[in-house]
Amino acid sequence: DKHISIQRHLADLEKLADLREGEFSAAVLQNADLHVTYEKKPCPLCPEEKFKACYSHKLHRHLQNLHWKVSVEFEGYRMCICHLSCRPVKPNLVGDQTLAKMGAHYHCIICSATIIRRTDMIGHINRHVNKGETESRFITVRAPKSSYEVVKESATDVQVLPNHSTPQKTDSYFNPKMKLNRQLIFCALAVLAGERKPIECLDAFGATGIMGLQWAKHLRSSVKVTINDCNENSVTMIKENCHLNKMKVKLNIKEEDNDETVGDGEENSDTIEVTKMDANVIMHLRSFDFIHLDPFGTSVNYLDSAFRNVRNLGIVSLTSTDISSLYAKAQHVALRHYGCNIVRTEYYKELAARTVIAAVTRAAARCNKGIEVLLAVALEHFVLVVVRVLRGPTPADDSAKKVRYLIHCQWCEERVFQKEGNMVEENPYQQLPCDCHGSMPGKTAVLLGPLWSGALFNTGFLRRMLLGAVQYGLDEAQPLLKTLVCEAECTTLKHFSTHSPGDENKQEECGVYIKTPNTSAESYLVHGKRKSEEVLRSAAKRQRAEHSAEHPPFYYNIHRHSIKGMNMPKLNKFLNYLSEAGYRVSRTHFDPMGVRTNAPLVQFKTVLMKYSTPTYVGVQAEGPVHLPGEIQVGEEVPAAAEIKVEEAELVEDGKSGVTAAMFTQSYPTHCAAD
């Protein structure tokens with residue numbers, strides 16, 4: 001029976017007080033008219049020792065203030081707080097008043113549990129709603145199934161729970177902010193599907209299944225999609241979303257019956273396999289061409305399983321959302337998960353990407369496999385890494401050699417990868433281009449890593465991803481892919497072209513480049529036949545050219561190295577100035593104000609200083625800067641002149657050095673400044 005503390009109106013509680021003892025349950029069950037008297041009446045939800053009988057006006061105030069105002073509402077019912085002895089309480093020797101206070105509780109209308117705190121009761125009811133348990137044993141009307149929200153993304157409909165943005169441990173998670181991440185992964189899969197078909201792909205952490213549904217809905221017969229999740233509620237939701245998108249569902253091997261859903265008036269032969277098992281187990285049992293890992297937090301626990309059975313020239317993509325450790329906010333966690341020592345730097349996002357790739361490289365090398373990095377993206381919410389797998393001990397050794405330590409100067413933030421070799425150097429500071437160790441006391445640099453020291457992008461693969469994004473109408477991914485292509489080629493967006501340099505685009509129309517693990521050249525396959533040696537030689541020349549034009553590691557933030565009291569040039573103009581000085585330069589997606597260039601930091605600052613203007617000059621004239629009041633060597637200084645220099649820089653024969661800042665000095669008459 002429904003507890004007397006659960007009522008629809010306050011008047012129902014007042015009427016309960018008029019009943020004699022033993023008539024409470026009968027009145028509730030029969031919904032009979034309750035007889036009202038004008039005598040002193042007790043509170044139906046409080047014992048006599050807590051609240052004595054009183055007249056109706058006092059009882060009304062008591063019920064309204066103590067019980068009704070702090071009630072929890074659900075489906076038109078109010079769960080009022082109850083002070084009766086229906087919840088077992090531990091014996092207390094302090095007094096009856098404290099005992100009665102501790103016995104206050106709520107009765108759940110769905111499962112009749114007793115809960116003490118109001119906030120806990122609200123959370124308890126919300127958990128029932130999120131699980132779909134909205135049918136009370138006292139309410140005969142079932143809650144409508146519209147409690148699920150239907151979200152549409154890239155022509156794919158998925159139903160999600162109302163709390164999809166802040167889920168509980170047992171709920172499925174859907175993050176709308178990861179739409180760009182899903183589009184990038186789809187483009188990578190589309191490129192692989194163009195190389196060979198059909199391919200078997202795995203979404204190891206399906207959640208709502210939206211990513212696997214997008215693969216099957218757009219690529220159709222080119223892919224065989226498997227969506228896996230270890231949570232039974234998520235698996236149920238994935239099946240419902242498959243039916244919502246008119247897809248056939250192929251269950252586990254043990255369950256031979258297949259659920260089929262055919263659209264209205266159309267036949268859809270696409271089939272999605274849904275499995276319920278641990279991600280490590282399914283990757284150990286089966287082989288795949290494309291594997292995507294997107295666990296909650298770090299993905300290092302699944303790397304060994306992913307590289308164990310992935311096919312040769314397959315692709316492994318992983319999304320890491322443990323940005324607190326990767327972005328050096330929790331350095332001890334990064335050391336524990338990735339075995340990497342990192343600090344917060346101006347290039348911390350690229351540092352995070354190289355940290356993840358280093359962990360991927362070591363995991364692949366343990367399985368005698370090497371990697372080729374196709375894409376590395378680090379944005380606000382995630383770090384995405386896409387690599388191609390190359391089987392064999394030789395590619396594994398070549399990839400492992402690219403994992404090195406980084407020497408980072410903590411004064412000027414100059415950085416350089418440690419030289420390859422096992423010999424110990426007496427003075428590792430000599431590898432840094434800066435001379436901070438010689439001019440500053442103590443230790444000025446820190447050793448970071450081990451990190452991936454190779455390239456972060458594959459230009460040809462990114463161009464094909466961009467073509468796929470245009471073909472499937474993925475508008476959000478197109479600007480980012482254009483930036484990545486320019487960053488991979490280390491060129492500005494002004495010189496961006498949809499076609500690759502040379503005649504590579506003409507060759508790609510005829511076939512697909514596939515790198516073989518046993519040779520440095522790329523074997524070019526057309527309809528399963530090998531081209532002549534002339535094509536192989538041209539492919540080798542192109543590979544050497546791309547290797548020599550590999551983008552420089554890391555970038556500089558133009559605001560970080562700006563000069564105090566000076567107006568910087570516009571970023572695009574500054575890129576042109578660096579390019580005119582003979583350096584390769586491009587913008588970077590890691591930092592909107594970052595500049596990726598092969599220029600040393602000293603030359604970077606020199607060009608920035610040259611084209612900066614003082615803040616107090618009305619018209620900003622571009623060109624070399626001469627500060628007003630600057631004293632040249634051999635020039636006479638006015639009598640008792642007080643010169644205040646905030647920040648000066650001496651430029652001589654292309655070398656620059658920063659002098660002491662913020663000093664004031666008075667010079668006597670006719671004193672030569674030097």
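Let's start at helix α8. Its buried residues are covered by several elements, including β7 (156–160), α7 (210–219), β9 (223–228), β10 (248–250) and β11 (271–275). Keep in mind that this is a predicted model.

So which residues of α8 are buried? They are S234, V235, M237, I238, N241 and C242. Look down the axis of α8 and these buried residues fall within an arc of 165°, so they line one face of the helix. An α-helix has 3.6 residues a turn, so residues three or four places apart point the same way.

Now the dimensions. Helix α8 covers residues 232–244, which is 13 residues. From first C-alpha to last, α8 reaches 18 Å. The expectation at 1.5 Å a residue is 18 Å, and the helix comes close to that.

Next, the strand. Take β25, residues 594–597. Is β25 covered on one face or on both faces? Both. G594 and R596 are buried on one side. V595 and T597 are buried on the other.

Which strands pair with β25? One is β22, residues 556–557. That pairing is antiparallel, over two bridges. In it, N557 stands opposite G594 of β25. Another is β24, residues 585–587. It is also antiparallel to β25, and three bridges join the two. Here S586 stands opposite R596 of β25. Strands β24 and β25 form a hairpin, with six residues between them.

One annotated stretch. UniProt, in an unreviewed entry, lists residues 108–128 as "domain: C2H2-type". What does the model show for that span? It is 52% helix and 10% strand. Its end C-alpha atoms lie 10 Å apart.

Finally, the whole chain. It has 674 residues, and 47% of them are buried. The secondary structure comes to 21 helices and 30 strands. On contacts, take those with a separation of 6 or more: residues 24 or more positions apart account for 62% of them. The chain exposes about 35300 Å². Carbon and sulfur atoms supply 50% of that area.

Definitions and conventions
Residues numbered from 1 in each chain as written. Predicted model: local features only at pLDDT ≥ 70, side-chain atom pairs only at ≥ 80, totals over all residues. Heavy atoms only, no water. Helix = DSSP H or I, 4+ residues; strand = E, 2+ residues; numbered from the N terminus. Buried < 20%, exposed > 50% of the residue type's maximum accessible area, 1.4 Å probe, protein only. Contact = heavy atoms within 4.5 Å. Areas by Shrake-Rupley, 256 points an atom, 1.4 Å probe, with all protein chains shown as cover. UniProt positions renumbered as here; feature names shortened; annotations may be inferred. Pairing = 2+ DSSP bridges. Expected span 1.5 Å × (residues − 1). Arc of directions from axis to C-beta.
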